[in-house]
Amino acid sequence: MDARAAARERLDSLRSRIIDLSHAIHANPEPAFAEAKAAAWISELLSDGGFDVKTGICDLPTAFLAKSGRGPLHICFCAEYDALPEIGHACGHNIIAAAAVGAGIAAAAVADEVGLTVSVIGTPAEEIGDAGGKILLLERGAFADMHAAMMVHPAPFDVLTPKVIAASMFEVRYTGKEAHASSFPELGVNAADALTIAQTSIGLLRQHILPTDRIHGIVVHGGDAPNIVPAHTTARFIVRGDTLAALEVLRPRVYRCFEAGALATGCKLEIIGGEKPYSEMIHDPDIAALYKRNAELLGRSYPNVGAEKQKSAASTDMGNISRALPSIQPMIGIQSFPAVNHQREFAAQCVTIEADQAVYDGALAMAWTAIDLGTDARLRNRLLGDRSQEAESRIQESESRIQESE
Ligand SMILES: [Zn+2]
Ligand SMILES: [Zn+2]
């Protein structure tokens, strides 16, 4: 039996456990950095699958690293498993986790034979928007000896190289002064007004930003009672640009809108976080081409989705990984449209037959891609050399860019 067939046979033998894992994570949504059950269940299955598993790596209790094989080319599959507040697994990270486990177990079956070391890395807190799990793991060296990284992300339809833009999430706090809103309003300093002015300014700014820029946020705390002048308000905002460079052009313009709120009302402004932004994604063309061929062999297709849907762009800390080592993050379709990510309707679609098929296809397409990388002499040599040369400069550039934004 050849390596690809052996990997498939291994995946088939564990298919029901991998699908059960996807459903269990989905049924127990845990938010960023609190994914204790998910991390434990994933680690257990990988351990049963013969992986050497280390939990709580890099001082992150819900991160883990599972390793198998002794080949020189080290390929890693990234698992995400955090859920969204209130709407559960509406980004389908249960599918990401199960597909990564499946890919790891399938590729591990032939790792030594094709010269691979296979890792599944558990990366918490993707949805957090600032200092995500992968950024912290990367900074703390978890990816240091890996040559390529892969993951699949569920979406309404398959997209090989989705547009992934840079993003930064931060918290805004205004502090004013309470007063009786009717008896002595002239003694109050209104922190809700500060936020209103900031949001009005941002609304006006939107006419003068790039079409690829985005600014969006929520008011987390707007006051305590209508008869008390609000002394404390809090908001969380995200700014996004095509690249980290574009993001850093937009960021100070948005910060000035928040300063305007403070200036006009006399409130004190604090901006917290935003120091570790998510990078745009650099999809590795060689790995993406292999993945496409393998996914097509499993019956997936990549039709032109049209200009409107191509404008769709999200952000992920996988972008930061892609700056450090060759990476892909294809979207794997679960045929949910018009239900889209971050909707309750999408969450409901993440445990359907189509979702389970996405787990299986994503796992096998990634495992086969890893085997291809191990057995194609040109690509193998490129990746082995890449890590020591080209990638080092990518890491340095990435780090200096992250530092610049601090
Ligand atoms: Zn999401
Ligand atoms: Zn997601």
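In this predicted model, Ile18, Leu21, Ser22, Ile25 and His26 of helix α2 meet Asn94, Ile95, Ala97, Ala98, Val101 and Gly102 of helix α4, where contact means heavy atoms within 4.5 Å. By class, this contact has seven nonpolar, four polar and no charged residues; Ala, Val, Leu, Ile, Met, Phe, Trp, Tyr, Cys and Pro count as nonpolar, Asp, Glu, Lys and Arg as charged, and the others, Gly among them, as polar. Helices (H or I, at least four residues) and strands (E, at least two) are DSSP runs, numbered from the N terminus.

Helix α2 covers residues 15–27 and helix α4 residues 93–108; the two pack at an angle of about 155 degrees, with their axes 8 Å apart. Axes are lines fitted to C-alpha atoms, for helices over the stretch in contact, and angles run from 0 to 180 degrees between N-to-C directions. The angle therefore makes α2 roughly antiparallel to α4, a term for angles over 145 degrees, whereas those under 35 count as roughly parallel, 65 to 115 as roughly perpendicular and the rest as oblique.

The next feature is the pair of metal ions. The zinc ion (ligand 1) is coordinated by Cys91 (SG), Glu127 (OE) and His342 (NE2), at 2.0 to 2.3 Å. Donors are N, O and S atoms within 2.8 Å of the metal (3.2 Å for Na, K and Ca); water is not among the atoms, so sites may look incomplete. Two of these residues link distant parts of the chain: Cys91 is in the loop between β3 (73–79) and α4, and Glu127, 36 residues apart from it, is in the loop between β4 (116–122) and α5 (133–139).

The zinc ion (ligand 2) is coordinated by Cys91 (SG), His93 (NE2) and His153 (NE2), at 2.1 to 2.4 Å. Cys91 bridges the two zinc ions, which lie 3.0 Å apart. Cys91 counts as buried because its relative accessibility is 8%, and Glu127 counts as partly exposed because its value is 21%. Buried means under 20% relative accessible area, exposed over 50%, and partly exposed in between (1.4 Å probe, protein chains only).

Elsewhere, Gly188 is found in the loop between β7 (166–175) and α6 (191–205). Gly188 touches Lys177, Glu178, Ala179 and Val229, not counting residues up to four places away in sequence.

Residues are numbered from 1 along each chain as its sequence is written, and chains are lettered from A and ligands numbered from 1 in the order in which they are written. Local features need pLDDT of at least 70, side-chain atom pairs count only at pLDDT 80 or more, and totals for chains, interfaces and linings use all residues, while side-chain values use heavy atoms, with hydrogens and water left out.
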